[in-house]
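Some questions about a protein model are set out here, each with a worked reply. Please look over the sequence and the structure before reading on.

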Protein chains: 2
Amino acid sequence: MKCRFCNSPSYVEIRYPKKINLCKEHFIEYFEDRVKKSIEKYKMLNKDEKILVAVSGGKDGHVAAWILKKLGYNIELFHINLGIKGFSDESLRAVKALAERLNTPLHVVDLKEITGKTIEDIRGKKCSICGITKRYLMNKFGYERGFDVIITGHNLDDEISFILNNVLNWNIRYLAKHEPVLPAHDKFLKKVKIFFEIDEYLILKYAEAEEIPFTTVKCKFAEGAITLKHRDYLNELEKERSGIKLQFLYGYMKNRHLFKVEEEDFQFRECEVCGMTSAGKICSFCRVWKLYKKKRKKENNKGK
Amino acid sequence: MKCRFCNSPSYVEIRYPKKINLCKEHFIEYFEDRVKKSIEKYKMLNKDEKILVAVSGGKDGHVAAWILKKLGYNIELFHINLGIKGFSDESLRAVKALAERLNTPLHVVDLKEITGKTIEDIRGKKCSICGITKRYLMNKFGYERGFDVIITGHNLDDEISFILNNVLNWNIRYLAKHEPVLPAHDKFLKKVKIFFEIDEYLILKYAEAEEIPFTTVKCKFAEGAITLKHRDYLNELEKERSGIKLQFLYGYMKNRHLFKVEEEDFQFRECEVCGMTSAGKICSFCRVWKLYKKKRKKENNKGK
């Protein structure tokens, strides 16, 4: 197969909305154009914003940083060392390689230094706690250092497998919340998913085409997660009906207002432990890592 | 494994809400009790109603007829010969065997006699046209013969795979409509799904335990239907998380009001061709089978 636009061999087959084959060079152009259009369509970013890109070491965050840099945005990188054996070291190596290639500042925070523990050490739902932790730490870091916006690598496949999971469990409150741009609120920075509409497969092909460093090592705790099953299933459907994934997302965007039933009339406040914006007296991060105990201990010691 | 209630060997393992093993005899009791409870919970039926059970030859309709007869309801059977090669003959044989075993009147209508064509003959979406056809013919027959209610064999797996399909396609109007009991309206009879909450697997085990005659021949046109894929997927999830199928249905029932957004302010009327209740000038049945042409021809011939 030849590229649709030149005589070079096909590097990737785009299936939707039209079936076209593209060589490496024209695919790179196509992919960057798709991302640029998403950024414009959802008014995601401005060139004068100070952008913090969350990078885990995997392809999605790395491609996000790469393409934003290439498009002329003002970015820095943020990484959390979660202390997961066989994963975190490899991730850190990949992130450092990326920072070097991009010649971009990289900020690394160490979970153990902050909480005294790693993800290995905690009991309970590790994936859920890890999610809370990453959201909190990147927001806090970005807020304290004066960034305007945080970019995460969430892609089309992430979004629709979460939406499907929330439908299967009828988590109505969560169903109202998937969006490409979450505006800033108090000490919460603006959060943007530049790959909201972009298929994971294309991100991988772009990473390979541009020879972007990233790790393919997966976190051992995520294995068997039900959203991974949903992801595989949606890809299976996509093989039969090209475009079903994107149509599912667009249909969701068109209808998500149906799920906005409960008025969120509660006021955000400041967490009593850390002072960041929180829905309750103590924010989720300080709760799951039991930081209120640390604080009490400190106060008690002071009192003595 | 032994039965939970006696020393007999286990015939079936119930997984949800509790994991229990049951022998054949106790399973029959359990299954009939579950169906009885569904009938009461949703106020599906009264003993003084004249009930028409739609039987295709497959296990679901057959088990519905069997159990309703056993529970003392006043039932008759209704079957449509669709004229599908390698399927309809076998189906008719099974239906006749059931009627004989139950000693219950069986009404058979022949699609070709009514429309001049079979399902084989039509172009376009056969499954969709077949659905319209079956719904129309059973309703018309039941209405004209003074029945009060029509029973179909739709089970839990049918319902949730349709709901999932309607979510994936964001068919909001259809999403408001899945219910165990559809009340009568004009010339539309009341429709009841007694297996709304009952797992297909249990229906099969009951059919086998009671040695109910049925055919396992599948319609060749249904092969590869996307709802069959959804069904397999939901069963795969069920293996990992017992109860997820039923919880998905219950969550749907609790939240389906969210999808009732468009006021159905149109009036039902009578189809200009057949006189049955219709949403448009000509009902779907007369439209897909082009019966308006036949009518016109007749009128033209009269005029000559």
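The questions below concern a predicted model, and they take up annotated sites, single residues and the contact between chains.

Q: Which residues of chain A does UniProt list for "binding site" in the group that includes Cys271(A)?
A: The listing comes from an unreviewed UniProt entry. Its members are spread over 16 residues of sequence but cluster in space, with a largest C-alpha distance of 8.3 Å. The residues named in the record are Cys271(A), Cys274(A), Cys283(A) and Cys286(A).

Q: Is Cys274(A) buried, partly exposed or exposed?
A: Cys274(A) sits in the loop between strand E9 (269–270) and strand E10 (277–278) of chain A. Its relative accessible area is 24%. Buried would need a value under 20%, and exposed one over 50%. Cys274(A) is therefore partly exposed.

Q: Is Cys283(A) buried or exposed?
A: Cys283(A) is placed in the loop between E10 and helix H11 (284–288) of chain A. The relative accessible area of Cys283(A) is 5%, and the cut-off for buried is under 20%. Cys283(A) is therefore buried.

Q: Which backbone nitrogen does the side chain of Thr277(B) reach?
A: Thr277(B) belongs to strand E10 (residues 277–278) of chain B and is buried, with a relative accessible area of 6%. Its contacts beyond four places in sequence are His185(B), Asp186(B), Lys187(B), Phe188(B), Phe268(B) and Arg269(B). The backbone nitrogen, reached at 2.8 Å, is that of Lys187(B).

Q: What distance separates the C-alpha atoms of Gly142(B) and Lys187(B)?
A: Gly142(B) lies in helix H5 (residues 126–144) of chain B and is buried, with a relative accessible area of 0%. Leaving aside neighbours within four places in sequence, it contacts Leu52(B), Phe147(B) and Leu189(B). Gly142(B) and Lys187(B) are 45 residues apart along the chain, and their C-alpha atoms are separated by 9.7 Å.

Q: Which three residues supply 29% of the area that chain B buries against chain A?
A: Each chain brings 23 residues to the contact. The buried area between them is about 2400 Å², and carbon and sulfur atoms give 74% of it. The 29% share, more than any other three residues supply, comes from Leu168(B), Trp170(B) and Tyr233(B).

Q: Which residue of chain A forms a salt bridge with Glu240(B)?
A: The count of salt bridges between chain B and chain A is two. In the one made by Glu240(B), the closest N and O atoms are 3.3 Å apart. The partner is Lys229(A).

Q: Which element gives the largest share of the side of chain B that touches chain A?
A: The elements that give two or more residues to this side are helix H6 (156–168), helix H9 (226–240) and helix H10 (244–255) of chain B. The largest share is eight residues, and these come from H9(B).

Q: How many residues on the side of chain B that touches chain A are nonpolar?
A: Across the interface there are eight residue pairs in polar contact. On the side of chain B, four residues are polar and four are charged. The nonpolar residues there number 15.

Technical notes
Residues are numbered from 1 along each chain as its sequence is written. Chains are lettered from A and ligands numbered from 1 in the order in which they are written. This is a predicted model: local features need pLDDT of at least 70, side-chain atom pairs count only at pLDDT 80 or more; totals for chains, interfaces and linings use all residues. Side-chain values use heavy atoms; hydrogens and water are left out. UniProt positions are given in the numbering used here, feature names are shortened, and annotations may be inferred rather than shown by experiment. Helices (H or I, at least four residues) and strands (E, at least two) are DSSP runs, numbered from the N terminus. Buried means under 20% relative accessible area, exposed over 50%, partly exposed in between (1.4 Å probe, protein chains only). A polar contact is a pair of N or O atoms within 3.5 Å; within protein, one must be able to donate a hydrogen and the other to accept it, and residues adjacent in sequence count only if both atoms are side-chain atoms. Contact means heavy atoms within 4.5 Å. Buried area is the accessible area (1.4 Å probe) that two parts lose on being put together, summed over both. A salt bridge is a side-chain nitrogen of Lys or Arg within 4 Å of a carboxyl oxygen of Asp or Glu. Ala, Val, Leu, Ile, Met, Phe, Trp, Tyr, Cys and Pro count as nonpolar, Asp, Glu, Lys and Arg as charged, and the others, Gly among them, as polar.
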